[in-house]
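Let's take a walk through this protein, one neighbourhood at a time. Keep the 3D view open as you read.

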Amino acid sequence: MVHFLHPLLWPRVLVLPDAQEDARGRGVVQVSGRAASSSRRAAGRPRRLPELASRPGRAPCSPRPPPPTTAREFEPLPPRGPAAWTAARGSPQTVPPSSSPQNPAPWEEASPYSLVNICLDILIANLEQWCSKRPDGTLCLPELWRFPHEIADQFLERMAWQGKLTDRTASIFQGKRTNLKRIRIQRSRLSAAAFTKAFCHHKLLEVDATSVDSELPAADIVHALQSSAWIQNNLQCLLIDSTSVPQNSRLLALGRFTGIRTLNVANVSFWNEDLASVSQLPHLESLDISNTLVTNISALLACKDRLRSLTMHYLKCLTMANRQILAVLRQLKRLLHLDISDHRQLRSDLACLLLQQEDILPSLVSLDISGGIDITDEAVESFLQQRPEIQFVGLLSTDAGYSDFFVSKQGLKVAGGANMSQISEALSQYRNRPCFVKEALYRLFTETISLSAILPAILKLVAIGMRNHPQDLPVQFTASACVLNLTRQGLARGMPIRLLSEVTCLLFRAMKNFPYYQQLQKNCLLSLTSSRILMDVPFDRLDAAKLVMRWLCRRENPKMQTMAVSITSFIALKLSPEETEQLQEELIMTVKELVTIVRQKTAENLDDVTFLFTLKALWNLTDECPSACKYFIENEGLAVIIQVLETFSVSVIQSRVLGLLNNIAEVRGLSPKLVSQEDLLRHLVSLLRSTNIEVSYFAAGVIAHLTCDKQHWLSRGLQRSDLLQNLRVTIENWPSSRCKMSALVTYRSFKAFSPLLGNFSQPEVQLWALWAVHHVCSKNPSKYCQLLVEEGGLQLVCDIQERGQANAQVRQMAASILEDFRMYFTSYQRPPQPQCSF
């Protein structure tokens with residue numbers, strides 16, 4: 001029943017929406033197709049990217065097309081920057097380990113979850129069950145539980161990663177049941193009081209509070225940590241990047257943490273006085289003051305003999321002249337890593353001047369000058385040749401990085417935009433900087449327009465960028481376009497399920513965060529129109545159904561509505577009847593909209609792909625969902641369906657209409673509505689005689705359900721007898737129930753068959769039900785033989801076979817089912833549950 005994959009037409013130019021100037025995305029326009037023909041430009045300037053068109057329909061494709069040939073995959077590179085380069089020379093490693101949720105190793109996406117992670121996730125999901133409650137409502141672990149620090153650190157990190165770390169749950173880290181050494185609480189929402197109680201009595205070596213909620217400002221973090229003398233003397237790493245700092249407050253107390261080796265105060269209110277204070281720290285080796293309020297870096301001379309890593313990206317308030325800055329840098333002779341990358345619009349030429357210096361930074365191993373102006377390949381080559389120890393250079397958003405030197409130099413990693421290797425390094429290096437993530441994604445989109453290789457490591461880096469910057473429109477928009485390139489057509493089949501699951505959730509999050517940006521919505525919907533994602537990948541389908549159904553009903557764009565219809569059709573297959581019933585508001589609107597689409601297409605005599613998708617969506621939504629069937633009737637759906645049957649004679653349309661009618665006929669309260677439609681009964685008799693076995697089969701199913709209950713025919717017994725006679729003759733003329741149909745018939749359950757199988761007064765009805773059961777059991781025994789046992793159907797078949805008064809043809813069909821059932825379970829050594837003689 002999977003029919004909707006279709007080819008793409010790829011236009012060539014993408015114009016990004018502007019979050020301020022284009023509040024509703026109307027500035028996104030499609031332009032001519034020749035702008036992005038080359039994968040590299042000599043000048044190195046960023047290119048504008050193709051807009052993504054919607055996919056037109058095509059004929060049904062096979063359910064399992066072979067994956068494309070896999071080219072050599074690019075592996076994501078380890079994160080660089082101050083912490084990484086400091087660690088390379090023997091200082092403490094502060095970058096999260098590769099197996100952490102924030103930075104998984106590339107091979108882990110294709111591997112099962114570790115037993116430790118599974119156990120921790122179960123514990124996190126059931127904290128309320130395991131924990132007791134204190135008088136204030138916070139949670140407390142059982143008295144006898146003890147966590148070593150490795151497990152405790154990981155436990156905390158996973159809680160923060162899953163958004164489960166709150167004041168109420170953080171309290172489980174109070175006391176001595178857990179032993180924390182490294183706390184990573186990025187983007188968590190905690191109060192200062194909860195932070196103090198939960199963490200400050202532990203002997204902490206590292207604290208990563210990057211981007212925590214404003215309820216926990218940087219000053220409160222520092223004050224809380226300072227309350228412990230042990231932490232004050234032994235804390236080695238403190239990351240408070242992007243935390244809030246109240247106006248007029250200072251972070252002078254940082255100068256009291258005498259054990260700190262690595263300090264990150266990027267994107268906070270950090271002043272010259274604060275810099276002077278931390279520069280006195282006796283063990284400081286790595287410092288990040290990016291995007292702070294520092295105007296003068298001369299205070300760094302106080303730590304010139306121990307500073308090994310300095311990051312000052314986008315130091316926009318700096319008032320020193322370039323020669324003064326270079327004079328300070330010249331004295332930092334032990335510096336291994338220097339980052340003076342900038343936003344290009346600031347037009348800073350500091351990096352250009354640095355490259356011209358010969359007697360500066362002799363020990364440098366890593367240099368980041370991304371975003372600098374007037375940087376050329378020749379200047380960078382000359383600088384690097386004088387310093388052969390350099391292993392990394394950042395050149396994104398510059399005109400450098402395009403010469404063969406950067407490809408041929410052994411051991412050199414380049415974060416730039418010239419090729420996939422440089423783009424991969426840039427996405428890894430700059431994952432926390434939206435300005436560079438956006439630029440790297442621009443380049444990646446252009447490089448992957450005609451991609452034929454499966455690159456899960458690259459897709460993972462795109463996902464990291466989306467996850468780290470959920471509210472940045474350009475990042476989300478460009479990332480959604482890259483996801484489409486990396487997963488289109490058959491490429492998704494080669495991607496690990498875990499990775500696709502994460503990406504799918506991020507796409508839905510982007511749709512929620514930017515509901516009015518139509519092109520982003522289109523990109524996300526296009527990526528989701530994949531049978532691999534919709535059928536195999538785990539994600540919250542109920543929440544997704546709500547989102548897509550609302551899109552379907554907005555009528556903003558016909559092409560997007562087609563995509564929404566197709567996605568709705570697939571998601572409906574995966575929703576349980578209970579979940580579908582939870583979609584009452586969305587279901588009412590969606591069924592009404594789908595009926596409207598069918599009515600319009602029928603009036604236009606247009607059996608296009610939207611029309612076919614819509615019929616499929618109605619069929620799937622009404623499957624074992626009485627509410628959807630009721631809404632269909634209430635919106636004059638029967639009259640529309642009769643008009644469809646009178647307008648179109650194509651078997652695929654007839655099959656979908658009859659499948660929908662089968663679902664309605666199974667609802668006993670709605671059967672009289674069908675019986676009262678004389679035109680519909682006339683069409684059913686005609687379609688029952690169709691030469692197409694699939695059409696005939698579904699027509700027979702509708703008649704079997706309608707004629708099963710005599711109460712609906714009290715005044716029309718003769719008409720019912722004629723229908724049963726036609727049903728019997730038709731089934732007798734069918735081929736074996738093991739025959740093939742053009743599409744695989746599927747059922748959620750056999751619940752609707754029970755009244756038919758038990759109706760001994762109507763052997764024609766029993767015969768159709770047995771034929772149907774035998775057909776699906778022969779095609780997919782592993783599913784349907786088990787269903788037959790679990791739902792009591794096997795006992796009903798046994799009753800038919802053993803009842804001497806039953807029709808001989810019916811008993812013969814029942815005997816065939818039981819024989820196949822016995823053979824299947826004998827082959828797999830799984831004895832059937834009901835006691836029944838075969």
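## Around helix H30

Start with helix H30, whose buried residues pack against helices H27 (637-647), H28 (651-665), H29 (671-675), H31 (693-707) and H32 (717-733). Helices here (H or I, at least four residues) and strands (E, at least two) are DSSP runs, numbered from the N terminus. H30 itself covers residues 678-688, and its buried residues are Leu680, Leu681, His683, Leu684, Val685, Leu687 and Leu688. Buried means under 20% relative accessible area, exposed means over 50%, and partly exposed is in between (1.4 Å probe, protein chains only).

A word on where this comes from: it's a predicted model, in which local features need pLDDT of at least 70 and side-chain atom pairs count only at pLDDT 80 or more, while totals for chains, interfaces and linings use all residues. Residues are numbered from 1 along each chain as its sequence is written, and side-chain values use heavy atoms, with hydrogens and water left out.

## A buried threonine

Now find threonine 580 in helix H23 (residues 577-581). Threonine 580 counts as buried because its relative accessibility is 3%. Leaving aside neighbours within four places in sequence, threonine 580 is in contact (heavy atoms within 4.5 Å) with Leu575, Leu587, Leu621 and Cys625.

## Rings that pair up

The structure holds 21 aromatic pairs. Rings of Phe, Tyr and Trp (its six-membered ring) pair if their centres lie within 6.5 Å; planes under 30 degrees apart count as stacked, over 60 as edge-to-face and the rest as tilted. One of the pairs is tryptophan 130 with tryptophan 145, which is tilted, at 5.8 Å centre to centre and 50° between the planes. Tryptophan 130 sits in helix H3 (residues 127-130) and tryptophan 145 in the loop between strand E2 (139-140) and helix H4 (149-161), so this pair ties together parts 15 residues apart in sequence.

Are these two tryptophans buried or partly exposed? Tryptophan 130 is partly exposed, with a relative accessible area of 42%, and tryptophan 145 also counts as partly exposed, at 26%. Next, phenylalanine 155 and phenylalanine 173 form a tilted pair, 5.7 Å centre to centre with 55° between the planes. Phenylalanine 155 is buried at 0% relative accessible area, and phenylalanine 173 is buried at 0% too.

## Charges over rings

Finally, look at arginine 250, which lies over the face of tryptophan 271, 4.3 Å from the ring centre. A charge sits over a ring if NZ of Lys or CZ of Arg is within 6 Å of the ring centre and within 35 degrees of the ring normal. Arginine 554 lies over the face of tryptophan 551, at 4.1 Å from the ring centre.
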